[in-house]
Amino acid sequence: MKVIVTKSYDETCTVIAEMIRDLIARKPDAKLGLATGGTPVPIYQKLIQMNREGQIDFSQVHTVNLDEYCGIPGTHEQSYRYFMDSNLFDHINIPKANTFVANGMGDFEANAQELEQKVREGGPADFQLLGIGNNGHIAFNEASDHLISVAHVENLTESTINANARFFEKKEDVPTRAITMGMGDILAAKTVVLAATGLAKVPAIKGLIMDDVITTQNPSTLLKLHENAVVVIDKELADAVGYQG
Ligand code: GLP
């Protein structure tokens with residue numbers, strides 16, 4: 001696992017957007033695994049800008065998103081389909097048919113199976129973008145005594161519901177379940193890049209970069225098993241976890 005420390009979160013986002021730009025230049029039909037949450041938003045803004053400037057052509061790119069809430073439709077403002085459309089897809093030249101976000105309505109188990117199929121279709125993702133939850137969760141693979149390797153329906157923890165409540169009118173509106181890629185799906189990607197910023201992430205990032213322990217209680221630590229995993233954090237977060245390089 002490689003750790004990159006940047007001067008600022010803006011630089012983190014530039015570094016990651018440039019990795020994606022360079023990948024697509026090498027492989028115009030790249031398959032990207034994408035993430036939601038506050039963290040990737042500026043990365044997506046940079047990708048939109050690069051697309052406008054003609055630096056990236058998304059016309060042959062395929063994307064699969066990590067997860068989706070159960071019980072809200074893609075038209076709901078807090079659904080991850082809506083998030084991806086409004087923060088990225090509606091502003092770049094990617095055919096919508098090339099983008100996949102699990103369906104959060106109907107038969108959740110069947111929708112999880114459909115996600116698994118999309119993860120496998122056309123082979124592993126070339127690049128998987130990740131954020132990290134305050135408790136170390138990746139996608140919606142929650143800290144637990146066991147983790148699941150394939151796409152599945154997950155019960156969200158109190159910590160995750162509380163953290164995501166900021167996006168909803170009230171905490172009770174936050175869905176309590178989600179469809180998520182499993183840890184095996186995520187680790188199958190050729191390159192996995194995790195971005196983190198902010199002091200809320202200190203305990204999770206400490207577990208990820210400061211020792212060699214792998215624990216299901218911090219799902220991000222499974223990235224230590226990946227040959228091509230990159231963690232990108234800014235100096236403020238690196239200093240807060242005591243990372244010296
Ligand atoms: C959600 C998403 C995760 C994301 C996490 C952190 O739970 N399912 O993929 O990493 O939030 O989000 P943020 O970047 O807003 O801190």
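A salt bridge, as the term is used in this talk, is a side-chain nitrogen of Lys or Arg within 4 Å of a carboxyl oxygen of Asp or Glu. Good morning, colleagues. The structure above is a predicted model, in which local features need pLDDT of at least 70, side-chain atom pairs count only at pLDDT 80 or more, and totals for chains, interfaces and linings use all residues. Residues are numbered from 1 along each chain as its sequence is written, and side-chain values use heavy atoms, with hydrogens and water left out.

I begin with the charged pairs. Side chains of opposite charge can pair when their charged atoms come close. Helices (H or I, at least four residues) and strands (E, at least two) are DSSP runs, numbered from the N terminus.

Are the two partners buried or exposed? Buried means under 20% relative accessible area, exposed over 50%, and partly exposed in between, with a 1.4 Å probe and protein chains only. Lys27 is partly exposed at 29%, whereas Asp126 is buried at 8%. Salt bridges with shared partners also join Arg81, Asp85, Asp90 and Lys96 into one network.

Two further pairs deserve mention. Glu11 bridges to Lys7 with the closest N and O atoms at 3.2 Å; Glu11 is partly exposed at 26%, and Lys7 is exposed at 71%. Arg21 pairs with Asp22 at 3.1 Å between the closest N and O atoms, Arg21 being partly exposed at 21% and Asp22 partly exposed at 35%.

I turn next to helix 1. Its buried residues are Tyr9, Thr12, Cys13, Ile16, Ala17, Ile20, Leu23 and Ile24. Seen down the helix axis, they fall within an arc of 125 degrees, so they line one face of helix 1; the arc is that of the directions from the helix axis to the C-beta atoms. The face turned away from this buried side carries the exposed residues Ala25 and Arg26. What covers the buried residues of helix 1? The cover includes strand 1 (2-6), strand 2, helix 2 (41-52), strand 6, strand 9 (192-196) and strand 10 (229-234).

Strand 6 brings us to Phe127, which is located in that strand. Phe127 is buried, with a relative accessible area of 3%. Leaving aside residues up to four places away in sequence, Phe127 touches Ile16, Met19, Ile20, Leu23, Lys31, Leu32, Gly33, Thr191 and Val193, where contact means heavy atoms within 4.5 Å. The C-alpha atoms of Phe127 and Lys190 are separated by 6.1 Å, although these residues are 63 apart along the chain.

Finally, which element gives the largest share of the lining of the largest pocket? A pocket, on a 1 Å grid over the protein atoms alone, is an open set of points with protein on both sides within 12 Å along at least five of seven lines, and lining residues have an atom within 4 Å of a point. The largest share, four residues, comes from helix 5 (residues 158-164). Of the 26 lining residues, the closest to the pocket centre are Gly37, Ile132, Gly133, Asn164 and Lys201. Thank you.

Note on methods:
On a 1 Å grid over the protein atoms alone, a cavity is a set of points where a 1.4 Å probe fits but cannot get out, and a pocket is an open set with protein on both sides within 12 Å along at least five of seven lines; lining residues have an atom within 4 Å of a point.
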